[in-house]
Amino acid sequence: MGTSSSKHSDGSNGGQLYVSLRLENWNNAELVPHVYGSVPIIGSWDSSKALSMERDSASSWELSFVVPSNHETLDFKFLVKPKDGDLPCFVEEGPIRVLKGGALEEDMRVALFKIKSANGEEVVVECSVFLNEDFVSPFDLAASWRAYQENLQPSRVRGIPDVVMNVAPHNNTEDGPTGGLELDLEQYVIPAPTAHAAATYAANLTEDPRSKLHSRILSQKYANGTISGSHDNVEKDRDVRVLEPSTSSQSAMTEWKSTGVTTLQKQDGQRAVFVERGVGSPRVFRSTHTSSCNGDLIRVDSDAEAMPAAVGAVAAAAVADQMHEPKEHRNLAIVLVGLPARGKTFTAAKLTRYLRWLGHETKHFNVGKYRRIKHGANQAAEFFRSDNREGIEARNEIAALAMEDMLDWMEEGGQVGIFDATNSTKSRRKMLMKMAEGKCKIIFLETICNDERVIDRNIRLKVQQSPDYADEPDFEAGLRDFKERLKNYEKAYEPVEEGSYVKMIDMVTGHGGRLHVNNISGYLPGRIVFFLVNTHLTPRPILLTRHGESLDNVRGRIGGDSVLSEKGELYSKKLANFIEKRLKNEKTASVWTSTLQRSILTASPIVGFPKIQWRALDEINFGACDGMTYEEMKKNMPDEYESRMKDKLRYRYPRGESYLDVIQRLEPVIIELERQRAPVVVIAHQAVLRALYAYFADRPLAEIPHLDVPLHTIIEIQMGVTGVQEKRYKLMDGVQFPL
């Protein structure tokens with residue numbers, strides 16, 4: 001038995017008080033404690049009815065309410081009522097309790113009840129009484145009150161371990177007709193909003209040539225890997241993006257804004273660079289002509305390149321590279337090396353997608369696309385012979401043109417260029433290194449495959465999908481031509497032994513492959529190597545779905561840890577039925593959920609597959625706004641609301657997260673999804689699934705907060721040698737609640 005000291009104010013700041021009354025040591029299961037008197041019900045007053053206390057544990061009952069900090073005097077008594085009836089009631093013995101200013105006027109005392117037993121004898125029951133009160137600011141009131149109420153109910157998922165191996169299916173997976181689905185799942189398919197709904201040749205998605213190949217060619221010739229004339233004086237006819245400065249009369253500065261970084265240039269030519277920490281965050285910068293660092297301000301090189309649109313480790317590494325790495329190492333060129341049909345373009349596309357998702361400005365330059373635009377798509381195998389001097393000159397010219405485009409793009413702020421070609425001779429690679437001197441760091445990425453079955457499969461896919469054979473009606477004729485082309489490359493092929501390189505040897509299936517690394521250092525090259533170690537081409541589906549509709553979805557509240565609504569529970573049964581039908585032949589699939597109960601409860605009807613809880617899959621942390629509606633946020637925190645509306649990607653909730661923060665914590669999930677060889681079902685939340693979906697669909701970072709990931713819909717991502725394909729199934733309707 002005890003009490004707390006009063007913390008209430010005079011109410012001048014508009015604050016509120018949480019008041020909780022707790023009755024302990026009540027063990028009679030047939031009688032339920034109540035509070036009777038002048039007690040507020042969510043801000044209103046009612047003395048005509050008894051308020052039921054909520055069970056807090058096996059022997060504790062609690063009633064909580066909110067009152068103004070300068071509230072009027074409250075009086076009440078405890079009483080107990082039968083669970084299944086209104087009479088008789090047993091009222092607490094002794095005088096009425098008086099609550100004033102958040103404290104009892106009298107000393108705390110136990111609650112005494114005289115209760116008649118079954119044989120008519122009176123029994124005195126004694127219980128402990130506790131009073132607690134806490135001051136709550138208006139901004140936290142909505143979230144705190146709702147969360148406090150819900151926490152009175154024990155979580156329905158406590159006791160479930162992080163990993164559940166329930167591999168034995170039950171007989172009644174479906175709940176009668178309410179959970180059943182028709183056998184033909186195709187009737188639930190809805191249109192996908194992305195171009196990845198069908199297989200697309202990866203090279204077609206790469207960068208278009210910036211030069212106007214149709215109107216002119218370079219006057220300089222790149223023959224046998226040597227450059228004729230001055231590379232710096234090559235005439236260009238390019239479509240270059242020009243940034244127009246906007247002048248401010250107040251600051252006398254010119255400001256250019258790019259993703260994640262702002263460069264300020266004063267009229268005297270001095271420049272300063274700072275990295276934005278998020279909308280509404282203080283901007284810290286220092287003119288870079290100063291010779292020292294003071295306080296927490298960091299001196300940045302005056303010609304620093306644009307920082308990645310990222311936070312955390314990525315942003316920290318970018319700042320470190322700016323300060324410590326040579327200028328030419330701030331830009332990175334990944335130059336592919338390998339024979340045709342070894343998966344170079346697929347690997348390049350995957351790596352481009354990963355780096356873009358992390359926030360690095362990355363582009364994929366495919367030399368084959370340049371060749372088709374300049375020389376046409378119907379080049380026979382003779383064009384690729386090692387003794388065809390004109391063919392060698394033409395191919396080197398196109399490679400140099402693509403390299404120039406990539407270097408020009410880096411000068412405009414690009415960070416990582418993926419240069420996709422065979423680059424199978426030392427002379428070609430020497431030419432590229434000469435062009436990159438003082439401009440970027442080159443890492444060669446060589447793909448080697450010795451599995452004839454994989455090579456044959458890739459050759460057939462190449463002939464089926466490549467624009468080189470789009471006009472060839474005879475598949476067998478195209479197959480013979482491509483194999484002849486391959487022989488021509490094999491005769492002149494020289495493995496990489498120079499510079500910094502990574503060799504991927506038989507890594508296609510992910511079994512028994514090797515990765516050789518030479519002279520690789522730095523944060524970003526290290527992340528690239530780690531990513532490549534975990535990638536493979538094994539076809540498998542990844543199913544993404546939000547949890548079933550929750551009570552907070554119905555209420556329009558963000559965050560929280562509420563349970564499912566009736567619709568949400570129905571969806572969980574339909575989802576289990578869908579998974580059973582869709583993955584009936586998959587014995588090694590798994591189900592991943594967040595640690596929040598609405599995600600775990602959605603997965604609970606699914607049987608036959610192991611379930612793993614990931615903290616990284618939890619919904620975006622709404623911080624001080626957790627539990628609010630957006631209308632409450634707009635009313636109580638207008639500045640935060642406006643900041644969020646201006647930039648949802650970078651906006652960080654007070655004491656919470658931004659979408660960029662979510663991307664950073666999801667990187668281990670992406671790596672593990674790439675490493676998995678069996679199907680995976682991910683049951684998570686809207687912001688998290690937007691970020692995951694953006695990775696697979698290769699969507700720009702700025703689009704992530706606006707991607708459509710509706711409730712009660714399954715997004716199937718098909719991974720494999722043909723790239724990423726998407727299909728959507730809508731099992732039922734649900735509340736659409738934007739974040």
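Trainee: What does the accessible surface of the chain come to?
Mentor: About 33,700 Å². Carbon and sulfur atoms hold 49% of that surface. Keep in mind that this is a predicted model.

Trainee: And how much of the chain counts as buried?
Mentor: Of its 739 residues, 53%.

Trainee: How many helices and strands are there?
Mentor: The chain has 16 helices and 34 strands.

Trainee: What share of the contacts with a separation of 6 or more comes from residues 24 or more positions apart?
Mentor: Those pairs make up 69%.

Trainee: Switching topic. Which residues does the "binding site" annotation cover?
Mentor: The unreviewed UniProt entry lists Arg546, His547, Gly548, Glu549, Ser550, Leu551, Asp552, Asn553 and Arg598. They are spread over 53 residues of sequence, yet they cluster in space. The largest C-alpha distance is 14.2 Å.

Trainee: Take Arg546. Where is it found?
Mentor: In strand 29, which covers residues 540-546.

Trainee: Is Arg546 buried or exposed?
Mentor: Buried. Its relative accessible area is 2%, and the cut-off for buried is under 20%.

Trainee: Which side chain does Arg546 join in a polar contact?
Mentor: That of Gln686, at 3.2 Å.

Trainee: Now Asn553. Which helix does it lie in?
Mentor: Helix 10, residues 551-555.

Trainee: Why does Asn553 count as buried?
Mentor: Because its relative accessible area is 7%, and buried means under 20%.

Notes:
Residues numbered from 1 in each chain as written. Predicted model: local features only at pLDDT ≥ 70, side-chain atom pairs only at ≥ 80, totals over all residues. Heavy atoms only, no water. UniProt positions renumbered as here; feature names shortened; annotations may be inferred. Helix = DSSP H or I, 4+ residues; strand = E, 2+ residues; numbered from the N terminus. Buried < 20%, exposed > 50% of the residue type's maximum accessible area, 1.4 Å probe, protein only. Polar contact = N/O pair within 3.5 Å; in protein donor to acceptor, adjacent residues only side chain to side chain. Contact = heavy atoms within 4.5 Å. Areas by Shrake-Rupley, 256 points an atom, 1.4 Å probe, with all protein chains shown as cover.
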